[in-house]
Amino acid sequence: MCLLGASFLITLGSFAVLPYMSVLLHERFGLGLGVVGVVLAVASLVQFSGGVVGAALAARIGLRATMLVALAVRTAGFAAFVPGLTRPLVAVGALFLVSCGAALYLPANKAYLVAGCGHERRPGLLAASGSAFNAGIALGPPAAAPFVLTSPAGLFTGVAVLFALVGAGHALLPGVADEKGEEAAEGGAKVGAASGHQDDPNPSGLSNPSALPPFALTVLAVYVFMFFQHYLALYAVPRTSTAFYGTVLMGYAILLVVAQPLSARRLAALPYATALRIGFGAMAVGTAVLALGGRAGIAVGAVLLCLGEIVLFLKNDLEALDRSSAPAATVFGRQRLAAGLGAFAAAVVGGQLYGAAERASAVPVFWLLVSAQAVALPALLVVCVAGTRRRARARARRRAGGELVGARHPR
């Protein structure tokens, strides 16, 4: 429970600042949208893909110690935003420090949460963790909305103090039996053997989408989602208000908090292929609805994207855990790497697409292009995986045929 409470406070502080970064970088510091896109892309890549480093650090010094190091880095990052208000380069550096702290923290946090628990408890625990994080997301943006443009120094100082207190609380957490992953590795191997996922005999991703790798599907899911995460503020605030944008994020997070734990067991039992169709379908329709603009279009689009996130993010993590014999921190680190690749691509592509759409006075087209990608990219992945598996089968048959001929006609 203490860790779940800390998760709430961490996202409360983070999302008091991070959702407004595109607005701050573009409007306060005068950076062009292309530059903003690159900065957000690199920060996202560090935040997500750095989870591999976090997993390696957890294997060396333990889960609790890794979380303490991560929180110290994030505290320094938020504190550095204060002098960064008059120095754009310092602000960008502060953003990267915050991203590094998140990269180190999240794999260790999730691994600590599921350490020593049975396979049947994982969905509920991970959903509860997601709810705690999203409760903070719900309150962070509206709480910060009155201050983010008028009193940013006080906001950044308050967030830095909050992270320092949370870090002190983490020092009181008890150790766990498999803190360096040994028991998690054994449990993962047993689960993988029981589920039959480690060496999937089904050769065709086309005939069985559940045979697709969770890593690649996480890349695509985060890629589509991060267009919404990075660019909704630029789209919604000028068309509505900062307060409405904060309210939408709050409602989005509340829906996640309520719906994800309630649906965790059903999602765990849902066939992977079905979950993929539901999740990507919801994201495709949701981004298309955003193109309608106005308060109703933005609100409904956000709800549909919330459904896509609930299904895809939790199901991909559960599937990755089930298929792997690695320690939990390593699995979550790889998933964060996949998320980083998706977030990086979305920030780079999104900055260029949004800038072009804005120059053409056709910003709603941006969301239609995102919607098309949510449909086309998973289908393309299915075709690519199916082709790769067919070629692998053909090579295996040729090798087997050659060995058979050699056995029949020895020299």
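**View 1. His170 and its contacts in a predicted model.** Leaving aside neighbours within four places in sequence, His170 is in contact (heavy atoms within 4.5 Å) with Leu3, Ala6, Ile10, Arg64, Met67, Leu68, Leu71 and Tyr105. His170 lies in helix 8, residues 152–170, where helices (H or I, at least four residues) and strands (E, at least two) are DSSP runs numbered from the N terminus. With a relative accessible area of 3%, His170 is buried; the term buried means under 20% relative accessible area, exposed means over 50%, and partly exposed is in between, with a 1.4 Å probe and protein chains only. This is a predicted model, in which local features need pLDDT of at least 70 and side-chain atom pairs count only at pLDDT 80 or more, while totals for chains, interfaces and linings use all residues. Residues are numbered from 1 along each chain as its sequence is written, and side-chain values use heavy atoms, with hydrogens and water left out.

**View 2. The whole chain.** The chain has 15 helices and 0 strands, and buried residues make up 53% of its 411 residues. Among the contacts in the chain with a separation of 6 or more, 85% are accounted for by residues 24 or more positions apart.

**View 3. Phe225 and Phe313, one of the aromatic pairs.** The structure holds 14 aromatic pairs, a term for rings of Phe, Tyr and Trp (its six-membered ring) whose centres lie within 6.5 Å, with planes under 30 degrees apart counted as stacked, over 60 as edge-to-face and the rest as tilted. The rings of Phe225 and Phe313 have centres 5.4 Å apart and planes at 75°, so this pair is edge-to-face. Because Phe225 lies in helix 10 (residues 214–239) and Phe313 in helix 13, the pair ties together parts that are 88 residues apart in sequence. Phe225 counts as buried at 7% relative accessibility, whereas Phe313, with a relative accessible area of 25%, is partly exposed.

View 4. Tyr235 belongs to helix 10 and Trp367 to helix 15, so the pair ties together parts that are 132 residues apart in sequence. Tyr235 counts as buried at 1% relative accessibility, and Trp367 is buried with a relative accessible area of 0%. Tyr235 and Trp367 also belong to one aromatic cluster, which is formed together with Tyr223, Phe227, Tyr231, Tyr354 and Phe366.

**View 5. Arg295 over Phe244.** The charged end of Arg295 sits over the ring of Phe244, 4.8 Å from the ring centre; a charge sits over a ring if NZ of Lys or CZ of Arg is within 6 Å of the ring centre and within 35 degrees of the ring normal.

**View 6. Arg323 and Pro213.** Arg323 is placed in helix 13, residues 294–323, and is buried, with a relative accessible area of 15%. Although Arg323 and Pro213 are 110 residues apart in sequence, they are 9.4 Å apart in space, C-alpha to C-alpha.

**View 7. Ser361 in a loop.** Ser361 lies in the loop between helix 14 (328–359) and helix 15 (363–408), and it is exposed, with a relative accessible area of 69%. Most residues other than glycine have a negative phi, but Ser361, which is not a glycine, has a positive phi of about 55°.
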